[in-house]
2 protein chains.
Amino acid sequence: MVEDVVRTLGFLCLGSRLRRIGERLQADTQQVIDEAGLSIQAGKYPFLAAIDRSGPLTIGELAQAVGITQPGATRTIGQLLELGFVDMQPAPDDQRRRLVSLTGKGQDLVDHSKMVIWPRIAAAVADLCGDLDGPILEQLAAIEDGLAAVPLARRHAAKEEEA
Amino acid sequence: MVEDVVRTLGFLCLGSRLRRIGERLQADTQQVIDEAGLSIQAGKYPFLAAIDRSGPLTIGELAQAVGITQPGATRTIGQLLELGFVDMQPAPDDQRRRLVSLTGKGQDLVDHSKMVIWPRIAAAVADLCGDLDGPILEQLAAIEDGLAAVPLARRHAAKEEEA
DNA sequence: GAATGTTATATAACGCGTTATATACTCGCG
DNA sequence: CGCGAGTATATAACGCGTTATATAACATTC
């Protein structure tokens, strides 16, 4: 068995480690979505949720809302356009800005997800790390170990089952 | 100002959020490395550190050690080979396995980094989040806010300056 | 009102992770 | 020995982030 250097090095590799855990978590989230029969990628949800919460947004606002750069937002919105979940039209007062809104199909997906899949995911993640506390490195170790022990797709909110 | 949906959605977007923070942290780390005049990318350090700690390792062991998949390790090691930091030769007993070791240049880089740059990075990250405690979402918010307020490159271990 | 600067989006190229698959070597067994 | 199964690495293709730069529309200034 080889030692996990990223974990061993602690603060020195915190960036790598957060990325690694984030990727793992997102892959597990994707599995939950797939098992629910939804045809959407996990990374696209924040865009749909942003529009659902705030109404039509421009590309630039979407980039800000999901915390990525503008070219990244342009690309993902392009994909959502092709998938038919959003619609885009120039802002009436400024032809440079493009207002992105949900289509009926997109709104249906959001509405369905809000009821069925988002609570499921949030509950699974809460089960994984909702009760954690203490220094961040310890929590990250607990999250990594927790995911290895029971993948996200098999988790649900901790109830009083053991009672 | 647009709301940060990833932060707002909490556990639901934890994967995206960890990735995002990890990327930001790693980019800031890169800046520290660049400012120190070193010509190496932050993401390659874990590979060098793994070999430094454990001696020559195969591609597969390196992948395990840094927590990525084998093709990712193959690629990064290919780059380190081109940069002249590592050397690769078939294992004597099994021609399938390739043992990756540090070259003199690679060892020099590691030795120098261990003295000069790694402590600097670890101290900056510790300054950012070493004293944090509590639920993970709160710590992540503190880290994001902290990075926005004072980038990693301008941080150092918190001393009793305020005394 | 034409030149110039600024802002919003798009495009290109790259970094670094992934999965899927090909290839080369080793091992075990008839 | 030779052949099929398994293992280690390499390659290809893609996801999704980045930076740098091009283009189009608006704003300003003389």
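I began with the term patch: it is made of residues with over 30% relative accessible area and no salt bridge, where like charges are joined within 9 Å and nonpolar side chains (Val, Leu, Ile, Met, Phe, Trp, Tyr) within 5 Å. For my own reference, a salt bridge is a side-chain nitrogen of Lys or Arg within 4 Å of a carboxyl oxygen of Asp or Glu.

**Ground rules.** This is a predicted model, in which local features need pLDDT of at least 70 and side-chain atom pairs count only at pLDDT 80 or more, while totals for chains, interfaces and linings use all residues. Residues are numbered from 1 along each chain as its sequence is written, chains are lettered from A and ligands numbered from 1 in the order in which they are written, and side-chain values use heavy atoms, with hydrogens and water left out.

**Entry 1: the negative patch.** I looked up a surface patch and found that A:D133, A:E138, B:D133 and B:E138 form a negative one. Asp and Glu count as negative here, each charge being placed at CG of Asp or CD of Glu. The areas come from the Shrake-Rupley method with a 1.4 Å probe. I then followed A:E138, which sits in helix 8 of chain A, residues 136–149. Helices (H or I, at least four residues) and strands (E, at least two) are DSSP runs, numbered from the N terminus. A:E138 counts as exposed because its relative accessibility is 53%; the cut-offs are under 20% for buried, over 50% for exposed, and partly exposed in between.

**Entry 2: chain A overall.** I listed eight helices and three strands in chain A. Along the sequence they follow the pattern α-α-α-β-α-α-β-β-α-α-α. The C-alpha trace of chain A spans about 60 × 40 × 25 Å along its principal axes, and 45% of the 163 residues in chain A are buried.

**Entry 3: helix 3 of chain A.** How much of helix 3 is buried? Seven of its ten residues (45–54) are, so helix 3 of chain A is largely enclosed by the rest of the structure. I noted them as A:Y45, A:P46, A:F47, A:L48, A:A49, A:A50 and A:I51. After helix 3 of chain A comes A:G55, with a positive phi near 80 degrees.

**Entry 4: a buried serine.** I found A:S113 in helix 6 of chain A, residues 104–116. A:S113 counts as buried because its relative accessibility is 0%. I also checked A:I33, 80 residues apart from A:S113 along the chain, and the two C-alpha atoms are separated by 9.3 Å.

**Entry 5: the sheet in chain A.** Three strands of chain A make an open sheet in the order 1-3-2, with antiparallel pairing. Strand 1 (57–58) and strand 2 (86–90) of chain A each have a single partner strand and stand at the edges, so one side of each lacks a neighbour in the sheet. Pairing requires that DSSP finds at least two bridges between two strands. Strands 2 and 3 (residues 98–102) of chain A pair over five bridges, in the antiparallel sense. One bridge I looked up links A:V86 with A:L102 in strand 3 of chain A.

**Entry 6: the sheet in chain B.** Chain B also has an open sheet of three strands, order 1-3-2, with antiparallel pairing. Strand 1 of chain B runs antiparallel to strand 3 (residues 98–102) of chain B, and two bridges join them. Across this pairing, B:L57 stands opposite B:V100, and B:T58 stands opposite B:L99. Strands 2 and 3 of chain B pair antiparallel over five bridges, with B:V86 opposite B:L102.

Methods:
Buried means under 20% relative accessible area, exposed over 50%, partly exposed in between (1.4 Å probe, protein chains only).
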